[in-house]
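I opened my notebook beside the viewer today. Here is what I looked up, entry by entry.

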Amino acid sequence: MNYQYPDERGHFGQYGGRYVAETLMPALLELEQAYAEARQDPEFQREIDYYLKHYVGRPSPLYFAERLTNELGGAKIYLKREDLNHTGAHKVNNTVGQILLARRMGKKKVIAETGAGQHGVATATVAALFGMECEVFMGKEDIRRQSLNVYRMKLLGAKVIEVTSGTATLKDAMNDALRHWVTHVRDTFYVIGTVAGPHPYPLLVRDFQSVIGIEAKQQLQEAEGCLPDVAVACIGGGSNAMGLFYPFIDDLSVQLLGVEAAGFGVATGKHAASISAGSPGVLHGNKTYLLQDDDGQIQHAHSISAGLDYPGVGPEHAHLNDIERAQYVSVTDDEALHAFHQLTRLEGIIPALESAHAIAQVIKLAPTLGADKIILVNLSGRGDKDIHTVAESSGVELL
Amino acid sequence: MATMSRIEATFAALRQRQETALIPFITAGDPDLKVAAEIILTLVDAGADLIELGVPFSDPMADGPTIQASSERALAAGTTLSGVLQLVAEVRKKTAVPLILMGYYNPVFCYGVERFVRDAVAAGVDGLLLVDLPPEEAAEISPLLHESGVALITLLAPTTPRERMQRLAAVAEGYLYYVSMTGVTGGQKISPEDIRLAVDDLKGMTNVPVGVGFGITTVADACAVGTFADGVVVGSALVKIIEKYGKSEELLPEVAKFVAELKGGLTALTS
Ligand SMILES: Cc1ncc(COP(=O)(O)O)c(C=O)c1O
């Protein structure tokens, strides 16, 4: 297999593309051009490498989860520790790349959308680092759920803009960020937080996150002398998954497994499993799988994890699903919570609720595989931000 | 030569009278589809030359708060794309005014592109304006529309580079829609002088009329733009009246009054 996507217009098979208002078209063409040049420039890559190493703390470790492996009694489980990055999640890999690109393009202001607040924090962080003005759009509902991250962003000097339109969650934050961008497109760079949005965002976010899979591949080679049998990651928009999957895409022996949020259960209709239970449509600048009704109106997503609470998915995942290069499954809120506790107690690692979805799938999968098999799972973030949510779910009241 | 479309015939007649087209925008289904039918006929009686009918969408990313709220009201009232097409079919029995559906691509895509084009033609739709479907992505629908004589209206913006304008303006159908400011609908104050420069330039690049919209809210705005544009689109200001009067008895008289004022201002420009 020689995988070559997207095409020059940003399509992954029938998905992706650039479905935006005319006002934004020139900005996207300019961004595409600037990125094409940056991608060829060794100096740009050196700059990214420098900040990833000295600022983010890369490479992140690949950790053999021995006690979890023994408990489950099957395949060996390796955790890619993105939770140990500066700011506590994989999101910063992307914001470092995009802010350096914004600087190259001479932009002075950045905006971002955020759900869990991780991408907002990662954007506010690099904006502080480079002295740029930063505004973060966040749904009212998410501001309530993720108050800790809201305060972190404010400490970092960002302005957090409360979004009350629609369902007041991530999709609406993205709508308002796009509306703001339409109005301020001449001097503002929009830092999108996942492999979604109009071309070239799915491409450049994938590129910036691919450091996850590149490192993991090499680290596993050193530890085990082989490729993993399965690579597992949770799917919100799909950036941590794309970053893990992409460097393995031509290694057909490696199964790529994306884990969506099943919320209360796919059958209840209250979930965020766009690939497992959605249908193709167009939202936020790209064609992809969406949760929508028969009339093409976007439906509410539900997940206990704010970072997965999105009714769409990056277009490349839609394509990988259709060509069957990757498989997509879903786990419920309860399964994710159970996995959260199990990883915490067995390994002393408190995962983000997003990442706990990937762990939950590993808990199901590992016992079905032999001890000679290897599962590589992306631990996309740490769980400090979710402590209140977890406590609430256990009926514990924190001050 | 093929017979003139309703859009072409309307602009040709206006040109003869040296008049600028008044193009009101309303959201189909706000406050509901039944009242929307009455609003459309009221608009025609008060002097509307063409009408843009918004197809409500849950995520109207190019719209400001006024049209977002209007979309939400229409959806809450149960409006669907097939309901909008029925509305068009119904008012088409009573008026020949060109009706342009305006909205976002997803409802059309989910309806099924072929089925949509067939049903739109049958209902009497004259044009389609999809805010988030730039020409680069339009290949799956534009040939079907073209064959059926439904114009796919092209939007151009202040940020559009001149070379791109030339390319898109040369192949435009129906009329060109120039977005009067860098922003969402119902945005901040417009600058008629900047718009004039762009529109004058644009007119040299195309055979179709040039309409201007986004941010035209008063009779004075409409007249300022009407001195050089072939058409002016008034959306949010009208939608605000619909929001204010809802299903009350004052609704239709208030709509008629506002539109008559706009039309009066525009016709006074020629005399
Ligand atoms: C820790 C963590 N993992 C995963 C995600 C989901 O995003 P993506 O699917 O783009 O990796 C988020 C989003 O906020 C996150 O914070």
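**Entry 1: between the chains.** I began with polar contacts and found 19 residue pairs in polar contact between chain B and chain A, both residues of a pair at pLDDT 80 or more. I kept the pLDDT in mind, as this is a predicted model. Which elements give two or more residues to the side of chain B that touches chain A? I noted α3 (65-76), α5 (105-111), β6 (154-156) and α8 (162-170) of chain B. The largest share of that side comes from α5(B), with 5 residues.

Next I looked for charged pairs, and the count between chain B and chain A is 3 salt bridges. I wrote down one of them, B:Glu140 with A:Lys287, where the closest N and O atoms are 2.9 Å apart.

Then I turned to area. I read that chain B and chain A bury about 3,000 Å² between them, and that 51% of this is on carbon and sulfur atoms. In chain B, the residues that lose the most area to chain A are B:Asp59, B:Met61 and B:Glu137, together 22% of what that side buries. I also noted who takes part: 40 residues from chain B and 35 residues from chain A.

**Entry 2: the annotated lysine.** I checked the UniProt record, an unreviewed entry, which places "modified residue: N6-(pyridoxal phosphate)lysine" at A:Lys91. I found A:Lys91 in helix α4 (residues 91-104) of chain A. Is A:Lys91 buried or exposed? Its relative accessibility is 18%, and the cut-off for buried is under 20%, so I logged A:Lys91 as buried. Leaving out residues up to four places away in sequence, I listed what A:Lys91 touches: A:Gln118, A:His119, A:Ala122, A:Gly193, A:Thr194, A:Gln209 and A:Ser239.

**Entry 3: a threonine in a loop.** I moved to A:Thr167, which sits in the loop between β7 (159-163) and α8 of chain A. I found its side chain in polar contact with the side chain of A:Thr169 at 3.1 Å. The side chains of A:Thr167 and A:Asp172 are also joined by a polar contact, this one of 2.4 Å. With neighbours within four places in sequence set aside, I have A:Thr167 in contact with A:Asp172 and A:His300.

Entry 4: I checked the length of helix α8 (residues 170-184) of chain A: at 1.5 Å a residue its 15 residues should span 21 Å, and its end C-alpha atoms are 21 Å apart, so the two agree. I also noted that 13 of the 15 residues of α8(A) are buried, so this helix is largely enclosed by the rest of the structure.

Conventions. Residues numbered from 1 in each chain as written. Chains lettered and ligands numbered in written order. Predicted model: local features only at pLDDT ≥ 70, side-chain atom pairs only at ≥ 80, totals over all residues. Heavy atoms only, no water. UniProt positions renumbered as here; feature names shortened; annotations may be inferred. Helix = DSSP H or I, 4+ residues; strand = E, 2+ residues; numbered from the N terminus. Buried < 20%, exposed > 50% of the residue type's maximum accessible area, 1.4 Å probe, protein only. Contact = heavy atoms within 4.5 Å. Expected span 1.5 Å × (residues − 1). Polar contact = N/O pair within 3.5 Å; in protein donor to acceptor, adjacent residues only side chain to side chain. Buried area = accessible area lost by both parts, 1.4 Å probe. Salt bridge = Lys/Arg side-chain N within 4 Å of Asp/Glu carboxyl O.
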